[in-house]
Amino acid sequence: MMIMMNQAAFDTVQVGDKPVSFTLPPLSRLTLALYCGASGDHNPLHVDIDFARSSGMPDVIAHGMLSMAYLGRLMTDWVPQSALRELSTRFSEMTHVGDELTCVAEIIGKMKTDGEPRARLKLTVTDQRGGVKLQGEAVVALA
Amino acid sequence: MIDKRFIGHAMPAFEVDVEKGRLRFFAKAVGLSDPVYVDEAAAQAAGHASLLVPPTFFFCLEMESGNVAEIRTLLNLSYKNLLHGEQAFTYHRLAYGGDRLRFEQRIADIYDKKGGELEFVMRSTIVTNQRQQLVAELKNVIVQRNPK
């Protein structure tokens, strides 16, 4: 894949570095509605409070893949998407309306794969109480 | 228990057109502000064929299959007790608005934990483009809870 100029450099990246993070505004119902339409995931549990209540839930819950999309954005905020080799996550806890999600990436390894310098990162999405919503990993190519 | 003889079962392949309007809508929904996701001229100026398909949007395209419930039906899963446990992507090349992507899904594994209280179905998907080039591989794990 093409190597872009603003790619992070192998020599300057160290294990333990947290090269990129952000905290999002409280999660709104509008965001869930937009994600419902844009993603094509029309499960009413994410947007229809009447449906959620009829299923025994107090309110709608966010799409797990919305949070994973934030992890994708975390990576492409840091490197061009052409440098992204892997992105994976486990979904640990439900995310609710009003949650303030913080996404953090930490370098946990550096390696060469097929001669290409790469970094492995631990990715986390936590809420305002420190609850871990997603635990993921990414592999990116370095310059 | 989910019938383990479906391990290895291949689902019918399907093709999906990557629509530029959907890409812009998705970028707005998840806050992708880089112009390569929303402005085709900017994407082309950056050396791309068109708007980029964002990292997790392959999962959304995969849901465009004519029958998203097919695996649920095949394995007789109860929708109500299903959770999305894990999702993984491996990327081989970028995909763009205007591409036509082919999805080949296979049931990679079926296993259980806690004496059957939790059952897992792992689905593997290979995504290729209209030039038969490998674009991405997806791995999806869904969990069925069987409360006692």
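Mentor: **The nonpolar core and its surroundings**

The largest nonpolar core has 73 residues, and those with the most contacts inside it are Met75(A), Trp78(A) and Phe58(B). A nonpolar core here is a set of buried Ala, Val, Leu, Ile, Met, Phe, Trp, Tyr and Cys residues joined through side-chain atoms within 4.5 Å; buried means under 20% relative accessible area, exposed over 50%, and partly exposed in between, with a 1.4 Å probe and protein chains only. Helix H3 (residues 64-78) of chain A gives this core its largest share, nine residues. Helices (H or I, at least four residues) and strands (E, at least two) are DSSP runs numbered from the N terminus.

This is a predicted model, in which local features need pLDDT of at least 70, side-chain atom pairs count only at pLDDT 80 or more, and totals for chains, interfaces and linings use all residues. Residues are numbered from 1 along each chain as its sequence is written, chains are lettered from A and ligands numbered from 1 in the order in which they are written, and side-chain values use heavy atoms, with hydrogens and water left out.

Leaving aside neighbours within four places in sequence, Trp78(A) is in contact (heavy atoms within 4.5 Å) with Ala8(A), Val13(A), Pro19(A), Val20(A), Ile107(A), Leu121(A), Val140(A) and Leu142(A). In soluble globular proteins, nonpolar side chains tend to be buried together. A second, separate core of eleven residues includes Phe6(B), Met11(B), Val121(B) and Ile142(B).

Ala62(A) lies in the loop between helix H2 (49-54) and H3 of chain A. Ala62(A) counts as buried because its relative accessible area is 9%. Beyond four places in sequence, the contacts of Ala62(A) are Leu27(A), Leu32(A), His46(A) and Thr95(A).

In chain B, Glu62(B) belongs to helix H3 (residues 57-62). Glu62(B) is also classed as buried, because its relative accessibility is 4%. The side chains of Glu62(B) and Gln105(B) are joined by a polar contact of 2.8 Å; such a contact is a pair of N or O atoms within 3.5 Å, where within protein one must be able to donate a hydrogen and the other to accept it, and residues adjacent in sequence count only if both atoms are side-chain atoms. Outside four places in sequence, the contacts of Glu62(B) include Phe14(B), Phe103(B) and Leu138(B).

Strand pairing also links the two chains: five bridges join E2(A) to strand E2 (residues 82-91) of chain B, and the strands run antiparallel. Two strands pair if DSSP finds at least two bridges between them. Within this pairing, Arg90(A) has Glu86(B) as its bridge partner.
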